[in-house]
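I opened my notebook for a quick look at this chain. Here is what I looked up, in the order I went.

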Amino acid sequence: VQLQASGGGSVQPGGSLRLSCAASLSIFSIDAMGWYRQAPGNQRELVARATSAENTIYIDSVKGRFTISRDNAKNTVYLQMNNLKPEDTAVYYCYAYHLRLYYWGQGTQLTVSS
């Protein structure tokens with residue numbers, strides 16, 4: 001599985017941005033897809049995950065602000081990020097968990113700053 005992430009950039013606090021992660025095969029059968037992030041000096045942390053059964057989980061700090069969604073027709077997973085905060089600044093990595101293996105896309109930088 002190859003993953004292509006896009007959509008990062010710079011935004012002011014309170015702004016919105018959407019990350020996209022396009023997969024090289026149908027995501028319908030992929031067990032789970034989601035996003036991790038890593039800020040400088042911090043460990044990588046799971047931000048959001050969506051399973052093939054459409055179950056979603058979020059890290060507490062983004063609940064109510066971020067929404068993960070899967071578009072099976074486009075083989076793409078999205079992370080809609082609203083009300084962004086400076087502490088959301090990090091490199092975001094999309095991933096797929098399929099047949100007991102993890103696959104990673106390249107990181108995309110999000111910077112939230114005034």
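What radius of gyration would a compact globule with 114 residues have, and what does the protein chain have? I note first that this is a predicted model. A compact globule of 114 residues would have a radius of gyration near 13 Å, and the protein chain agrees because its own value is 13 Å. I also looked up the span of the C-alpha trace, which is about 40 × 25 × 20 Å along the principal axes.

Then I checked contacts across the sequence. Among contacts with a separation of 6 or more, 53% join residues 24 or more positions apart.

On to the interior. I see 39% of the 114 residues counted as buried. The largest nonpolar core holds 28 residues, and Met33, Trp35, Leu79, Met81 and Tyr92 have the most contacts inside it. Strands that each supply at least two residues of this core include strand 1 (3-6), strand 4 (32-38), strand 8 (76-81) and strand 9 (90-98).

Leaving out residues up to four places away in sequence, Met33 touches Leu3, Cys21 and Ala23, among others. Its list also includes Ile68, Val77, Tyr95 and Ala96, as well as Arg49 and Arg70.

Last, the surface and charges. The protein chain exposes about 6,100 Å², with carbon and sulfur atoms supplying 46% of that. I have 10 positive and 7 negative side chains on my page, and the centres of the two sets lie 2 Å apart.

How values were computed
Residues numbered from 1 in each chain as written. Predicted model: local features only at pLDDT ≥ 70, side-chain atom pairs only at ≥ 80, totals over all residues. Heavy atoms only, no water. Core = buried A, V, L, I, M, F, W, Y, C linked by side-chain atoms within 4.5 Å. Buried < 20%, exposed > 50% of the residue type's maximum accessible area, 1.4 Å probe, protein only. Helix = DSSP H or I, 4+ residues; strand = E, 2+ residues; numbered from the N terminus. Contact = heavy atoms within 4.5 Å. Rg over C-alpha atoms; globule rule 2.2 N^0.38 Å. Areas by Shrake-Rupley, 256 points an atom, 1.4 Å probe, with all protein chains shown as cover. Lys, Arg positive; Asp, Glu negative; His and termini not counted. Charge placed at Lys NZ, Arg CZ, Asp CG, Glu CD.
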